[in-house]
Amino acid sequence: MSFSDAELAVVRTAAEREGMASAAWAGRQVMVVAQHVLVPVSRDAGDVLRELIQARVHLRETVAALRAVAAAGPSGAGLPESAATVVEDTLKAVARLDAATVAVMRERRPRS
């Protein structure tokens, strides 16, 4: 294998982080990709995954707040039907985002 200076610097940094020689680290990475144990993704895909995870966390916080509002409602009477529908639609959207994020994360996770 050959690397540009910038690529070699990245390999060395990753190898040092794991306490390995550069050649050993690179060899291990080549084998896990060749054996389909790890599916590499582009930097853009990694950015998308990070954004999905951040959106998922934010939506879960939003859902917790929505549930609190729905439970309290005006004078403890709950929300009007239209607002309750919005809460339910939001919960469904969160469930879809959760499923999509988990699916992407499973593709990124090393497989045994």
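This is a predicted model: local features need pLDDT of at least 70, side-chain atom pairs count only at pLDDT 80 or more; totals for chains, interfaces and linings use all residues.
Residues are numbered from 1 along each chain as its sequence is written, and side-chain values use heavy atoms, with hydrogens and water left out.

**The whole chain**

Colour the model along the sequence, and the pattern to follow is α-α-α-α. Of the 112 residues in the protein, 18% are buried, where buried means under 20% relative accessible area, exposed means over 50%, and partly exposed lies in between (1.4 Å probe, protein chains only). Among the contacts in the protein with a separation of 6 or more, 58% are between residues 24 or more positions apart, a contact being heavy atoms within 4.5 Å.

**Helices H1 and H2**

Select residues 5-17, which are helix H1, together with residues 22-34, which are helix H2. Their axes come within 8 Å and cross at roughly 95°; axes here are lines fitted to C-alpha atoms, for helices over the stretch in contact, and angles run from 0 to 180 degrees between N-to-C directions. H1 and H2 are therefore roughly perpendicular to each other, since angles under 35 degrees count as roughly parallel, over 145 as roughly antiparallel, 65 to 115 as roughly perpendicular and the rest as oblique.

Now show the side chains where the two helices meet: Val11, Arg12, Ala14 and Ala15 on H1, and Ser22, Trp25 and Ala26 on H2. The residues of this contact divide into 5 nonpolar, 1 polar and 1 charged, with Ala, Val, Leu, Ile, Met, Phe, Trp, Tyr, Cys and Pro counted as nonpolar, Asp, Glu, Lys and Arg as charged, and the others, Gly among them, as polar.

Keep Val11, Ala14, Ala15, Trp25 and Ala26 selected, for these 5 residues make up the largest nonpolar core, that is, a set of buried Ala, Val, Leu, Ile, Met, Phe, Trp, Tyr and Cys residues joined through side-chain atoms within 4.5 Å. H1 gives the most to this core, with 3 residues.

**Around Ala26 and Phe3**

Centre the view on Ala26, which, leaving aside its neighbours within four places in sequence, is in contact with Met1, Phe3 and Val11. Phe3 lies in the segment before H1, and counts as partly exposed because its relative accessibility is 37%. With neighbours within four places again left aside, Phe3 is in contact with Leu8, Val11 and Ala26.

Next select Val10, which is found in helix H1 and counts as exposed because its relative accessibility is 57%. From Val10 to Ser22, 12 residues apart in sequence, the C-alpha to C-alpha distance is 9.8 Å.

Move on to helix H3 (residues 43-72) and pick Leu52, which touches Leu97, Thr101 and Val104, not counting residues up to four places away in sequence. A line drawn between the C-alpha atoms of Leu52 and Val102, 50 residues apart along the chain, spans 9.6 Å.

Finish at Thr90 in helix H4 (residues 81-108). Is Thr90 buried or exposed? With a relative accessible area of 19%, Thr90 is buried, and apart from residues up to four places away in sequence, Thr90 touches Val63 and Leu66.

Note on methods:
Helices (H or I, at least four residues) and strands (E, at least two) are DSSP runs, numbered from the N terminus.
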